[in-house]
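Work through the exercises below with the sequence and the model open. Each task is followed by a solution in steps.

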Amino acid sequence: MKIDVLFSKIHRATVTDANLNYVGSISIDEKLIEAAGLCEWQKVEILNVNNGERFSTYVIKGTKGQICLNGAAARKVCAGDIVIIVAYASMSVKKAKKFKPNVVFVNEKNEQVKNMR
């Protein structure tokens with residue numbers, strides 16, 4: 001049996017923009033993508049701390065400090081909102097009991113300040 005567990009998280013990032021006229025996705029600072037162990041095009045869930053919205057989208061590379069929700073997801077955030085970006089992985093229960101997720105903490109400029117694993 002396999003279960004879905006937290007794989008990685010970017011904790012309390014600040015939304016820098018919301019672009020309704022883009023095809024879709026979340027643009028994330030490339031350094032944060034790497035620090036979190038995410039892949040471009042990977043499915044992620046976005047948890048909006050400000051309004052309680054929870055929704056899924058996919059990752060694309062952004063510019064330094066960028067956290068931008070694109071397309072329909074832009075309706076679920078405002079610039080300045082705090083979001084948590086999470087990715088899950090499917091693994092055996094045995095492996096899940098030993099697995100430690102990668103958690104990236106950022107400051108108000110979306111710069112990595114701490115990484116826990």
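**Exercise 1: The annotated sites**

In an unreviewed entry, UniProt places the feature "active site" at S25 and Y58. These residues are spread over 34 residues of sequence, yet they cluster in space, with a largest C-alpha distance of 4.9 Å. The model used here is predicted.

Task: Which strand holds S25, and is S25 buried or exposed?

Solution. 
1. Locate the residue: S25 belongs to strand β3, which covers residues 25-29.
2. Take its relative accessible area, which is 1%.
3. Apply the cut-off: buried means under 20%. S25 is therefore buried.
4. List its contacts, leaving out residues up to four places away in sequence: T57, Y58, I60, C68, L69 and N70.
5. Check the record again: the unreviewed UniProt entry also carries the annotation "modified residue: Pyruvic acid (Ser)" at S25.

**Exercise 2: The second site**

Task: Where does Y58 lie, and which residues is Y58 in contact with beyond its neighbours within four places in sequence?

Solution. 
1. Y58 is found in strand β5, residues 54-62.
2. Its relative accessible area is 28%.
3. With neighbours within four places set aside, the contacts of Y58 are G24, S25, I26, W41, Q42 and K43.
4. For G24, look at the atoms: a polar atom of the Y58 side chain lies 3.4 Å from the backbone oxygen of G24.

**Exercise 3: Pairing of β1**

Task: In which sense does β1 pair with β7, and in which sense with β8?

Solution. 
1. Strand β1 (residues 2-14) and strand β7 (residues 82-92) are antiparallel, with 10 bridges.
2. Between β1 and strand β8 (residues 102-106) the sense is parallel, with 4 bridges.
3. Here H11 stands opposite F105 of β8.

**Exercise 4: The whole chain**

Task: How many helices and strands are there in the chain, and in what pattern do they follow along the sequence?

Solution. 
1. Count the elements: the chain has 2 helices and 9 strands.
2. Read them along the sequence: β-β-β-α-β-β-β-β-α-β-β.
3. Compare the radius of gyration, 14 Å, with the 13 Å from the globule rule for 117 residues; the values are close, so the chain is as compact as a globular protein of that length.
4. Of the 117 residues, 47% count as buried.
5. Among contacts with a separation of 6 or more, 75% come from residues 24 or more positions apart.

Notes: Residues are numbered from 1 along each chain as its sequence is written. This is a predicted model: local features need pLDDT of at least 70, side-chain atom pairs count only at pLDDT 80 or more; totals for chains, interfaces and linings use all residues. Side-chain values use heavy atoms; hydrogens and water are left out. UniProt positions are given in the numbering used here, feature names are shortened, and annotations may be inferred rather than shown by experiment. Buried means under 20% relative accessible area, exposed over 50%, partly exposed in between (1.4 Å probe, protein chains only). Contact means heavy atoms within 4.5 Å. Two strands pair if DSSP finds at least two bridges between them. The radius of gyration is taken over C-alpha atoms; the globule rule is 2.2 Å times the number of residues to the power 0.38. A polar contact is a pair of N or O atoms within 3.5 Å; within protein, one must be able to donate a hydrogen and the other to accept it, and residues adjacent in sequence count only if both atoms are side-chain atoms.
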